[in-house]
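Let's take a walk through this structure, one region at a time. Keep the viewer open and follow along.

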Amino acid sequence: MRCERAREAVSASADADLVDADAVRLDRHLSSCAACRSFAGRIERIRHHLRFEAVDEVPDVAPIVLASLRGQGRDRAPARSSRRVPISPPRLARIAAAFLAGLLVGALLARGSLDGPDVAVAAGLPDRVVAAQADLDALSTSFSLVERGWHPDVPERRFRATLRYRSPESLHLHLRDETQYPSNAWVRNDVALVVNEDEWWTSGPRNCPVEAQPTCTPETPRTRVVEGREPFADATPIPLDLVVPVRSFTLSAPPEVIGDRVVDGRETVGVAVTAAQAAPLLDALRPAGNLRDFHPADRVELWLERETLVPLAFRVIAAGGSDRSRWAASRGYVDEPGTAVLEVEATSVAINRPDRAEALPDPPDGATRANAGFRPGPADATPTPRDLPPGFVPYRSGSVVTAGGPRVDVRSWTDGRAWLTVRSTRGWAGNRLFGDLGPLVRPVALGDGIGYLSEDGSRLGIHAEAVDLVLSGTIPEQTLVAAAASLDVTSLSIPPDWAEAGTGTFADARRALDRLLTPRELEGFGDPAVRVRDGEVTMAFAGPGSRGFLLIQTPGSALTPPLEPDVRELRVRDVPGRFSPSRGEIEWVETNTTISITSATLTAEELLAIARSLEASP
Amino acid sequence: MDEPHPAAVRAAICGDAAAFEELVRLYQAQVFRFLCHLVADRSVAEDLTQETFLRAHQQMESFRFQSKFSTWIFQIARNAGIDTLRRRTRRHRALELVRPASSTAGPEARSELTAALASLPRKLREALVVVEVLGFTYREAGEMLSVPEGTVKSRVFHARERLAEWMADVEDDADEM
């Protein structure tokens, strides 16, 4: 028995899943292999720790659950239950699973035709949005917000909201709920988010399931305060797409232009994208509270101020189709296809008028506080890129020290709303790239060295002698690469036992498969991250917002039996294939290769359009 | 994993509030623990525990006794957790792998191991939690996670392998001190 097989057997044995013969062979191997004996000991200690971990203070949810159910029984109108579509748990599971992947798709593969001037506007818009962020230093807006379909008993909710922003990291978003609710039992969705450099706090009602409203929502809002926040921390995000929608348009194809409008006396240009693409903008409205969800295929019409590209109005229009209906039913929504489920419009706007900025409010007393561990300081261990984007100036720097975690030194630079951070740590023992780049990365040349880009190109990891770094920011990918290449470190290839070791190039993929298929003329996505493992080629294509898809090709002549009962047959590239709505996946077999395209947010038609565009790579 | 008496499940299906409360009290601690591991946030896990039982109540009539009740309830909990994970931005993934400076002996090590567990990819993490922490078999876990039994076995192994590597590093550090 070899060590790898022995370790698998140790794991199976721990779960009482080892046949006697294997158990004998395992015992024999362990008696002669100290390394595997150590492994077995560690597995046993892990089990002991996890099974007997101290769980301090398990909440008792029974009273609130039962109170909610009593409230539903009292308040629920008969018509409401009749409108709901019953969903079996497995189906709900599949619906949830379809949205889990998150990184997957929603491309406007088939856009409407554009006329002359609109073509030029659309073609240049994504780059203009990304460039505009550097010129935005302050924003003060008031806006109205109308939400529809959140609850059958509350078909429409109305809000007045304010957004105050001062670059680079001061922001106050406030939503005041002015809805006429059916009774006082409903808790208003008043929401606040305040980011003040190293302090971040949110306040809003708990997000109870729709079917448990109104009784399940406690009257007291939940307030979370995080201190010691590092610059532009992911875990405590600042919703900058409300200021200029950079993430919604980075990697974007030219959007559909829908016309011009005047909003609050300002000229705007209108574009239409999917909710998947505009996810960073839409998610920004709900840092807390219970604003409704939107289906990734919903249409978003967005009106951007012509010069600054600040979003001054947008609306979300419910898409149609059986998958969309099932998605809505699983959330308790009743949406008519084609109706606007969200409408946002600015009522007063001041751009680049920092004098209009107001003092940021303090969090309410009694809020739960947490410390993220950032302490200002020189961050000497982190190198400075010699090639910074023009106009970028040093911003906050310091170190993050958390219990049990490695020390991380952080430097940051900004220009208006745009930002760049470099984080470094010594003694990294993660067996994967530092910086949470995701499972699939793209190798990129950094002078004589090498770096690794995340799927969407917003992060770049470097493994170097004695130090590991990650650069991230809102700047274009090539600018990020130039900054990384100018760091005074000698970057190395990742060790062969790291999680990303299967990372490859097109050349690797072509060598692995006799006939590699790649999409032709695919707009709106970056270069794919490629992984080659055991003959299987995986390509991850990321787009703007939460769009993206996986293309997986494996040698084989037959598909495995489907796990889901709702799998549909369809023809893909003139051969029989199948579509799993729950997994957002089409699969087929072609030239002794099983091929799948998976997306959480693309429709079957869009997946098929990608499939049709595949051609053999030369 | 404890299983409720079928009569209690049938009573809950028929709308007996006391029977349903019994089910909530039987599973709420384990569901909370599972969700804490899945979403790595106590307050979110608390909300999701509540949501799990509300969803379960709504769907009780669809429980057909074709699987264990515990498998069914954790499937709902997982779905609720996955819905929440989906909402997080792609960048906002699990914690980066931490490297504790102390040995694995005390309660600190235990919390560090929990942090290391939180750093695993979700698929590995949830498989390990379902099998190792909650004690389900590979077959039951496969049913819950909608993957073949062999996939569960493989994911549990790879999760353990990574945690063992982490533990080996910690032990090496302790030896050097």
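**Chain A overall**

First, a reminder that this is a predicted model. Chain A holds 13 helices and 31 strands. Of its 618 residues, 57% count as buried. Take the contacts in chain A with a separation of 6 or more: 64% of them join residues 24 or more positions apart. Chain A exposes about 25,400 Å², and carbon and sulfur atoms supply 49% of that area.

**The twelve-stranded sheet**

Chain A has an open sheet of twelve strands with mixed pairing, in the order 7-8-9-10-11-1-2-3-4-5-6-12. Its edges are strand 7 (256–263) and strand 12 (368–371), each of which pairs on one side only. From one strand to the next, the twist averages 15°. At the strand 7 end, strand 7 of chain A pairs with strand 8 (residues 266–274) of chain A in the antiparallel sense, over seven bridges. Within that pairing, Glu256(A) has Ala272(A) in strand 8 of chain A as its bridge partner.

Strand 1 (residues 138–151) of chain A is where you'll find Thr141(A). Is Thr141(A) buried or exposed? It's buried, because its relative accessible area is 5%, and the cut-off for buried is under 20%. Setting aside residues up to four places away in sequence, Thr141(A) touches Ala161(A), Thr162(A), Leu163(A), Arg164(A), Ser348(A) and Val349(A).

Now jump to strand 18 of chain A. Six of its six residues are buried, so strand 18 of chain A is largely enclosed by the rest of the structure. In a regular strand, side chains alternate between the two faces of the sheet. Here Gly449(A), Gly451(A) and Leu453(A) are buried on one side, and Ile450(A), Tyr452(A) and Ser454(A) on the other.

| Strand pair (chain A) | Sense | Bridges |
|---|---|---|
| Strand 17 and strand 18 | antiparallel | six bridges |
| Strand 18 and strand 19 | antiparallel | two bridges |

Leu453(A) turns up in both pairings: Leu453(A) is the bridge partner of Arg442(A), and Leu453(A) also stands opposite Leu460(A) in strand 19 of chain A.

**Helix 11**

Which residues of helix 11 (residues 477–485) of chain A are buried? They are Leu480(A), Val481(A), Ala483(A) and Ala484(A). Looking down the axis of helix 11 of chain A, these buried residues fall within an arc of 160°, so they line one face of the helix. Their cover includes strand 16 (418–425), strand 17 (441–446), strand 18 (449–454), strand 19 (459–464) and strand 20 (467–473) of chain A.

**The nonpolar cores**

The largest nonpolar core has 78 residues, and Phe20(B), Phe34(B), Phe53(B), Phe69(B) and Phe74(B) touch the most other members. Helix 2 (residues 17–39) of chain B gives this core its largest share, twelve residues. Apart from this core lies another, of 62 residues, including Leu136(A), Val195(A), Val243(A) and Leu281(A).

Phe20(B) has contacts in both chains: leaving aside neighbours within four places in sequence, they are Val65(A), Leu66(A), Leu69(A), Ala12(B), Phe53(B), Ala56(B), His57(B) and Met60(B).

Note on methods
Residues are numbered from 1 along each chain as its sequence is written. Chains are lettered from A and ligands numbered from 1 in the order in which they are written. This is a predicted model: local features need pLDDT of at least 70, side-chain atom pairs count only at pLDDT 80 or more; totals for chains, interfaces and linings use all residues. Side-chain values use heavy atoms; hydrogens and water are left out. Helices (H or I, at least four residues) and strands (E, at least two) are DSSP runs, numbered from the N terminus. Buried means under 20% relative accessible area, exposed over 50%, partly exposed in between (1.4 Å probe, protein chains only). Contact means heavy atoms within 4.5 Å. A nonpolar core is a set of buried Ala, Val, Leu, Ile, Met, Phe, Trp, Tyr and Cys residues joined through side-chain atoms within 4.5 Å. Two strands pair if DSSP finds at least two bridges between them. Axes are lines fitted to C-alpha atoms, for helices over the stretch in contact, and angles run from 0 to 180 degrees between N-to-C directions. The arc is that of the directions from the helix axis to the C-beta atoms. Accessible areas come from the Shrake-Rupley method with a 1.4 Å probe; for residues, only the protein chains shown count as cover.
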